[in-house]
Amino acid sequence: MAARAAARQPIDDSKPLWRYLAAFLIPLMLSNILQAASGTLNSIFLGRLIGVHALAAVSSFFPILFFLISFLIGLSSGSSVLIGQAFGARDNAMVKKIAGTTLTLGVLLGALVAIVGAFGAHQILLLLGTPVDILPQAEQYSKIVFFSLPVFFMYLVYTTFLRGTGDTLTPFVSLIAATLLSALATPALILGWLGLPKLDINSAAVASIFANLTTLLGLIVYLNIRKHPLAFDAEMLRNLRLRRDIVTKVVKIGIPTGLQLVMVSLSEIAVLAFVNRFGSTATAAYGAVNQVVSYVQFPAISIGIAASIFGAQSIGAGRLDRIPKVVRSGVVLNYVIGGTLIGLAYLLTTPLLSLFLTDAHTLDIARSLLHITLWGYLLFGNSAVLNGVMRSSGTVLWPTLLAVASIWGIEVPVAWWLSQTSLGLTGVWIAYPAAFVVNLCLQSGYYFLFWRKKKIERLV
């Protein structure tokens, strides 16, 4: 329970803040790595047990899924800032109100997105130019995942709430359970173990639903037994309604955050459309590269989340003097942890990509693309720390606009332009580090020149 204790006990200012941040960060980072591992295992099963076309079909669907759930992720992110501030002020009643309101709003929106996404999947895949040889498989897979979104979002927001209270250990344990369940169920459904139906490419989607639902129910039972501030008890049930004041604050933070994620996912859809022009082999390489990159990207995201939560709890506790320390500690941890992971990824590129790909030509494409992009995620992590700390105070509009500008002003146009040159597919990947460089410059400029001079107050 070290992570939970570190967040709840007073911080000793005589000790380096990075120690507290690291104690909080380790379970959070491992949780995100496990989340990526679940997707990785499914990709390995699909690529190895079914074939490259199955991997390509799932890869072609992922940006669409991320686009449709981005707004919901933004809302949960906004609520975690409010929960962090309320928890920092030790106001557990407000924690329940924020959680109940966000759950109600999120499930309603999740159901709407699931319906729209499921019935519009075919048209969206066609618009993306999904290769015709994988279109039927991609459509079947997408419909199952869309209808599972309400359950997925319940699980997502609950783990986000827990992190806002300083509890990173419980989400980590629940993800271990979900990953193990998914890892067992996916090959069982692909191969028909114990008389189960053989679901082919749909096995990964059905296994994910089973794992998330089972883990969510277990998490709810555990929180009730522990009498956690976020336990789904009678008080939480009374708070399952839309409170206008809380909805306004959640939306104020969540909409820009969600829009940023939407714009990121739209850019990924645009980039995928460029990649699809080079055929299903390129699409499969794109999927394999994304699997490896996620292990570098998620720790950077984790550090940004940790910085946001420490910032929010510091604001709630009235300790604004800790904010610069949070930034410095987060940046240092980003370069130490991120640099180590990126170095290992460069050294082990071929063995890592070989987990997903057996075709030599596809493997060569993926290897060259990965080498181009990896180093840029150090800059991505630095930007995430600055963005997270600013978000902890409710400042989201300008950081969001700057991030969107770097994506749609740099990444997408550069990817399109270079893909038309002799660089071809390689040019698409050059756009990623180019956008990371610009975003870090913009975020740093806003943080040092404007945000640090603002008056920061509690939101709840």
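Aspartate 233 is partly exposed in this predicted model, with a relative accessible area of 28%; the class covers values between buried (under 20%) and exposed (over 50%), computed with a 1.4 Å probe on protein chains only. Its side chain meets that of lysine 96 in a salt bridge of 2.9 Å, N to O, a term for a side-chain nitrogen of Lys or Arg within 4 Å of a carboxyl oxygen of Asp or Glu. Lysine 96, by contrast, is buried, at 4%. Because aspartate 233 sits in the loop between H8 and helix H9 (234–238) and lysine 96 in helix H4 (residues 92–127), the pair ties together parts 137 residues apart in sequence. Helices here are DSSP runs (H or I, at least four residues), numbered from the N terminus.

The model is a prediction, in which local features need pLDDT of at least 70 and side-chain atom pairs count only at pLDDT 80 or more, while totals for chains, interfaces and linings use all residues. Residues are numbered from 1 along each chain as its sequence is written, and side-chain values use heavy atoms, leaving out hydrogens and water.

In the whole structure, 4 salt bridges are found. Another of them joins aspartate 364 and arginine 367 at 2.3 Å, N to O. These two residues lie 3 residues apart in helix H14 (residues 360–373), so about one helical turn separates them. Aspartate 364 is partly exposed at 40% relative accessibility, and arginine 367 is also partly exposed, at 22%. A further salt bridge, 2.7 Å from N to O, links the side chains of aspartate 321 and arginine 319.
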